[in-house]
Amino acid sequence: MSVKKDNNWEPVILAFCCNWCTYTGADLAGLNRMKYPENVRVIRVPCSSRVNPQFIIRAFQKGADGVLVCGCHPGDCHYATGNYYTRRRFMLMKRLLEYNGIDPKRFQAKWISGSEAAKFRDTVIQVSAEIKALGPNTKFVGTYAPQTATEGGQE
Amino acid sequence: MAYTKEQIQDMIRQEAKKALASGEVSAVVGWTSTRFADKTKPFFAETEAECDLLVWNEYCVNGTAKYALDDRYPEKKLAVIARGCDSRAINRLIQDKQVKRENLYIIGVPCDGKDNPICKECQHKNPLTFDVLVGEEVEEQINADRFAEVLAFEKLTPDERYDYWAKQYDKCIHCYACRNACPACNCIECYADQYRTGWQGKAADREQNQVYGLTRVFHVGDRCIECGECERVCPMDLPIMRQTRKMLKDINDLFGDYECGMPNDSKPVLGEYKLEDPDEFM
Amino acid sequence: MARIGVFICHCGTNIASVVDVEKVAESAKTMPGVVFATTYKYMCSEPGQAMIKESIEQYNLDRIVIGSCSPRMHELTFRKMLKGTKINPYMLEIANLREQCAWVHTDREKATEKAIGLVQMSVAKVANNKPLTTSTIPITKRALVIGGGIAGMQAALDIADCGFDVTIVEKEPSIGGHMVMLDKTFPTMDCSACISTPKMVECNAHPNITLKTSCEVEKVSGYVGNFEVTIKEKAKYVNHDLCTGCGLCQTKCPTKVTSEFDQGLSKRSAIYIPFAQAVPSKPVIDPSACLKLTKDKCGICEKVCPIGAIDYKDEVRYTTEEYGAIVIATGYELVDWASMYPEYGGGKYKDVITGLQFERLVNASGPTEGHIVRPSDGKEPKDVVIVKCVGSRDPKKGKSYCSRACCMYSAKHAHQILDKIPNSRVYIFYMDVRTPGKGYEEFYDNTRRDGAQYIRGRVSKIYKEGSKLIVRGEDSLIGKPVTVEADMVILATAMEPSPTVADVANKLGIVIDADRWVTEAHPKLRPVETQTNGIYLCGTCQGPKDIPDTVAQGSAAAAKVAALLCHDEMETSPMISYVDPNKCSGCGFCEGVCPYKAITMVEYAGRDGNRRVTKIVAQVNEGLCQGCGCCNAICRTGCIDLKGFTNDQILKEVDALCL
Amino acid sequence: MILAKKDLDQALKILSQDAVVFAPLITLIEDKSQIDQPAFEKKFMPYHEGAAVGLDNFNTVKPPKDVLFPNVEKLYKYKTGEGAYIEEIVPEDKPKILFGIRPCDMRSIDSMDKVFFTKEYVDSYYAKRRELVTIVAMGCMDTQRTCFCDSMGLDPTYAPTADVMMNVTKSTRTKACPVTGCTIPEDDGSYILEALTEKGKALLDKISSLCTENGAEEAVRDVSCSLKIEKDPELDKKLSKMFEHPIWDKITKGCIGCGTCTFVCPTCYCFDIDNENYGAEGCKYRCWDSCMFSDYTRMAGGANPRPTKKERLRNRYMHKLSYFNERYGETLCVGCGRCIENCPAHLDISEFIEKASKVDAEAKEYSEADFAEKEVR
């Protein structure tokens, strides 16, 4: 669940961006003053293969409505073979999350190279539009809510 | 002519005595009877007399392979009575470098299916690695609809699937029996035991159970030998295999036929790559 | 508890125009651990940095978050600034408020809200940063050059001139590579031997250079500054220490086999030096041709040798040496055009030769002492056809890339033919003529003025008719097929990497692309480095190029090596992985995924329960690890962690999402 | 007071008007993919209209202690930074009724009362919940094969410390339960309820309209467990001298070190405290912990006095059968048999009790052979 509840609700999307390609691409998008919605927050990781599947589960539990993992195109990873593992890991992760009831659009992965600034902008626009259509994420959201202290035992 | 249960039981006892007599073996891991007719329990026969307590009947359901992890640096060998699934579990432990083959003396026993729902889907009744084989090889069966459960479950709507799993993870009491019984879960110190590092809380509420459940699928998904121990041991009867089988099915579809615990098993799927892997993230 | 200082930069108006920087600073004050928050117009400027340093002292801060431009821009600047303060340079996180917030959003309120979110994530992460110190590794001041062609020689000479010890490993009996086979070089037409043999002699004579010919790299381990290389020395059957190079044995040797150096146009003896000006000019015995070694007959060379340098019992020798840097210069080969183009005769016709074979024909020290004759009947050819792009720019049949040098050397060949053979005629079938160097276009004009006939079109078929070779092609400018009766045809065949490059690259752990060219670290910014620290490349192993570019790359690689070897130690980035040996169960999955082979399984005196045991755990080699973190995600117990991007830090960043 | 079985639901409805009634409800686990046969789960849940109450046949897998000592209980909330506060989360003071628990579970609640109330420290959370709960104990008609409460000094049909004791009347005809095969009362049977405490009387008054006065009816008292074990009355003292006895190596070999026995055991009361942060806010919670976990006694620097499962299982048995006696004077094992039924490695505490009772305390080696189970039940 994200910050505001009224109709112009804004989704919170977390994007793990690989430092050498996608993060550079995002910077390039900034340099070219490209515009995209405000609801993506980027976490910089050295390589897309650094992203542990448990971060994704944690993100959904902490209130992310969508998660994006971006890295270099297979073949030109700065660390040579990093994104081959990313590819396998997140193709399986995507299907597992779908199997557990999370809408596949909420978890996406994309190869965005350092020069594809436009592709980064389009991806962000597309993903936030899709997730805005889906509405706030109710699955896997942590049961903790500060205002209502949930009573112990069977409820 | 097929041996009867009693004949195999005697042969097992002889083999156990021979192994103990050889002096190289510290104990023989098998099953012994309990005070209940329809239950046997894992048993370490360490003396001649105790070998006569070893039993072989359709209630020998417990996995014997993982007891090799109790002593990771043994002076003497450990003899293990291994059915088909146990031998795959041993392969699993060896391929994960947690147990050395020379520390094991494997007494292979072709298995005729035990009082365990997974046995009717078993594709490897005959042990794959063994030092000595007791009885005759039995005829294998190919389980055509190995992923029937997953395919049926996939037909549900996302909400139905989520509610189903949410209810299951509400039931889970976080006792880690599934982890301690699983041969693929063989770390010295599980991530869940280091809850100070913030990965996983200790509470048994739905949130922490979901983190634990899904993380375990990812940790063992590409190395699961489908022995069904996790579902057998779960006190709250959670359908754990239904999750790990989903991962195995995806691996089969995406990266080619895949069965773990086989003698020639290469590196786990998530630990290697092929240039021509399918790619949908362009 | 952490004492965090938050500094939000206006970046002139870049950030301040879209993001309400004061509001961000105000809300930063409420974040857990933040004791001071402020804004400034230009945080990266001198006064900006001074203000930060002063507030560190004043508020006794122990870590800082800077909300400014992209970390890729000024992370280094701010780290250098922190070096002057009591805070460790790595207790710093930068929130990207410019490129990924102010510049890409328009709605002021939402952009400010996002900026606050980004600062929150950086604050959550910095709370878990640990002070990191760069460690240093010693550097062996020796370099290894693989490949003795002009690229390898140039690199070796430049490195040696800087005073470092260099070893050249060359698989052939002599250094010199392909350049020494050529006759003249474009565009100045100076004789190739006259400019390459002095380099070879210089390499042999240079006190810092040791030549290891007939040798190959067997095994490479270690990391930048500390490579351990095992070199396999093939059996030469001649003791080079004794041999004076008098050449008696070569004249007496009865067996005659085709000479690889002369591209099969001449014969050589079993005990041979590849060519007259070979360096070292000491012979080796070809084990597959020598009668003594194959049928245990003859043995004349042993009898004849005045010093008794012949030793039939010679075996392969392995030597292992330490090197600080490695330069790969394995050069090129011509593609096997015969199997690619059966329509050009597929190698049946003796008079259809490659450019290199023509170079041998026209070379004064070649098999025909420079007389251009037809290899079939030795007559002087009158009409010569040169076919360009044979194998190059032809994805269906051969290679997709352009081999760069053929346009120029084909023009050179035409020029030489017209020069040497009076009233001869030269036809050149071409798609495009590419003259990308200084003096190249003028050279091409001269050749056309000399009478070379350039026909724009590809050749479809070459077949023999009588003593003539019929070349059928088309002239796309006049749009008609064209047939030329030629005495000899020279094919400008494509270049491809040397056959040994895949094996050498695998041993070095570097990446080669689909065409087996070695992949450079960055095509434009780091052309002579590979992705592995300490391993450099130069010459045609990286892609087709002509001699000027090759020599330039040789010197460039030498400069890079010198920049590395001139220090006694090398600072390694602290953002690398480390293993907690107590938690490691030794499964080895991390070792399998490490692109740099930086993880090895080692013994560790650990504890199992209350017993002392030696267990096998993973260990990260600080020199090799580049900090990609792939091993972190593979490790199930999470006991291998990447400093600077630890699991804890990223988890806290993800947790900060929910505020 | 006599209550007809058919009026049971009505009684529960009345009781749940002003209190949350926890009864052993049988719920169907819905599996829309129809892969497995429909599975049922029996758990103490708040009673609601139309719920299937399973007062008889088998006991619940998860013990009722969950109502008094929940597996996750938030202790207090806090907020740092601006507007900081610390606020205790008090259990809501809605009265509760624990309906239909077995004498063994009742005895386990007594043990927990001793732990949480005595020795100069009263656990406020447990005390609040305990005070709000009135307990209706249900005497067993039949026992599971793993029940051995009468060998541990309990009466399967009578719980002296409950607020209300409920038994099936002798005159009720019995039948075999279609699902589990144990004897259960016929639908036209009746229950006899007897108030043992003030709270019990108050409860019975609420449902007195449904009940009739007790004529000559008597409760079924002659129920005994099929699993009989010969327990040495002085076992706790004997065990305290057997810390280094070789029996421990043998018995604990099969254990796989999971926490099932501790989480299904009604008398285990260990808990761990942790906090969960949600930005600047957060809450402190306590949750069940298990002495069988490897990190239960791990100290700083990695030292662990109980490194392997042998030490941990020994500690668990010794606590149940010896340490608790030293401190509170009674055995902590109530013989409910849940750990025997659910142990993945099929270990059996009753078997251990018998062997420990028989074995010579000073023996230097111990072999299973001389204890071969002759008679298998």
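Here is a friendly note on the structure above, in numbered points.

1. Let us begin with the ground rules. This is a predicted model, in which local features need pLDDT of at least 70 and side-chain atom pairs count only at pLDDT 80 or more, while totals for chains, interfaces and linings use all residues. Residues are numbered from 1 along each chain as its sequence is written, and chains are lettered from A and ligands numbered from 1 in the order in which they are written.

2. You will find four helices and four strands in chain A, where helices (H or I, at least four residues) and strands (E, at least two) are DSSP runs numbered from the N terminus. Read from the N terminus, the order in chain A is β-α-β-α-β-α-β-α.

3. Contact here has the meaning that the C-beta atoms of two residues, placed from the backbone, lie within 7 Å.

4. Now look at two helices in chain A. Two packed helices are described by the angle between their axes and the distance between the axes. Helix α1 (residues 22–31) of chain A packs against helix α4 (residues 117–134) of chain A at about 90°, and their axes are 8 Å apart. α1(A) is therefore roughly perpendicular to α4(A). Axes are lines fitted to C-alpha atoms, for helices over the stretch in contact, with angles from 0 to 180 degrees between N-to-C directions; under 35 degrees is roughly parallel, over 145 roughly antiparallel, 65 to 115 roughly perpendicular and the rest oblique.

5. Which residues of α1(A) and α4(A) meet? From α1(A) come A:T22, A:G25, A:A26, A:L28 and A:A29, and from α4(A) come A:A117, A:F120 and A:R121. By class, this contact has five nonpolar, two polar and one charged. Nonpolar covers Ala, Val, Leu, Ile, Met, Phe, Trp, Tyr, Cys and Pro, charged covers Asp, Glu, Lys and Arg, and the others, Gly among them, are polar.

6. Chain A also touches chain C. Here 38 residues of chain C are in contact with 36 residues of chain A. Elements giving two or more residues to the chain C side include α3 (71–83), α5 (108–126) and α19 (647–655) of chain C. That side of chain C has 19 nonpolar, 11 polar and eight charged residues.

7. Chain B has nine helices and five strands. Its radius of gyration, taken over C-alpha atoms, is 20 Å, close to the 19 Å that the globule rule (2.2 Å times the number of residues to the power 0.38) gives for 282 residues, so chain B is as compact as a globular protein of that length. Of those 282 residues, 56% count as buried.

8. Chain B is divided into domain 1 (7–133) and domain 2 (148–271), with bounds from an automatic or database domain assignment. The C-alpha centres of these two domains of chain B lie 25 Å apart. Domain 1 of chain B gives 18 residues to the contact and domain 2 of chain B gives 15.

9. Finally, chain D has 11 helices and 14 strands. Of its 377 residues, 44% are buried.

Conventions. Buried ≥ 20, exposed ≤ 12 C-beta atoms within 10 Å, placed from the backbone.
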